[in-house]
Amino acid sequence: MTMKELIEARLREALAPSVLEVVDESHLHAGHAGSREGGETHYRLNVVASSFSGKSRVECHRLVNDALKEAFDRGLHALAIRASAPGG
């Protein structure tokens, strides 16, 4: 399973998002901290889920990061997260 597939699977399981976009931006960070040969280290996420309703930005990001513990353990280095509730 690729890192992108792992991220998508874990977020779908944990948050049941209505929108989930996962973009590998590792190539933009070549030579920077956390970068490694083969990429799969830096991602941009757009997640829309009812789980985020009534939560602060920090709380939403914590939900995403908690869901992706396995991905971080496997070498995920950085996320740019856009998390919102439907209609938000």
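Which residue stands opposite Ile81 in strand 3? Leu45 does. The model is predicted, with local features requiring pLDDT of at least 70 and side-chain atom pairs counting only at pLDDT 80 or more, while totals for chains, interfaces and linings use all residues. Residues are numbered from 1 along each chain as its sequence is written, and side-chain values use heavy atoms, with hydrogens and water left out.

**Sheet**
- Three strands make an open sheet of mixed pairing, ordered 1-2-3; strands (E, at least two residues) and helices (H or I, at least four) are DSSP runs numbered from the N terminus, and two strands pair if DSSP finds at least two bridges between them.
- Strand 1 (19-24) and strand 3 are at the edges with a single partner strand each, so one side of each has no neighbour in the sheet.
- Neighbouring strands are turned by 10° against each other on average, direction ignored; axes are lines fitted to C-alpha atoms, for helices over the stretch in contact, and angles run from 0 to 180 degrees between N-to-C directions.
- Strand 2 (residues 42-48) runs parallel to strand 3, and seven bridges join the two.

**Helices**
- Helix 1 (residues 3-15) packs on the sheet, where it touches strand 1 and strand 2 (contact means heavy atoms within 4.5 Å), and its direction makes about 25° with that of strand 2.
- Helix 2 (residues 57-67) lies across strand 2 and strand 3, at about 125° to strand 3.

**Ser84**
- Ser84 belongs to strand 3 (residues 78-84).
- Ser84 counts as buried because its relative accessibility is 14%; buried means under 20% relative accessible area, exposed over 50%, and partly exposed in between (1.4 Å probe, protein chains only).
- Leaving aside residues up to four places away in sequence, Ser84 touches Val47, Val48, Ala49 and Phe52.
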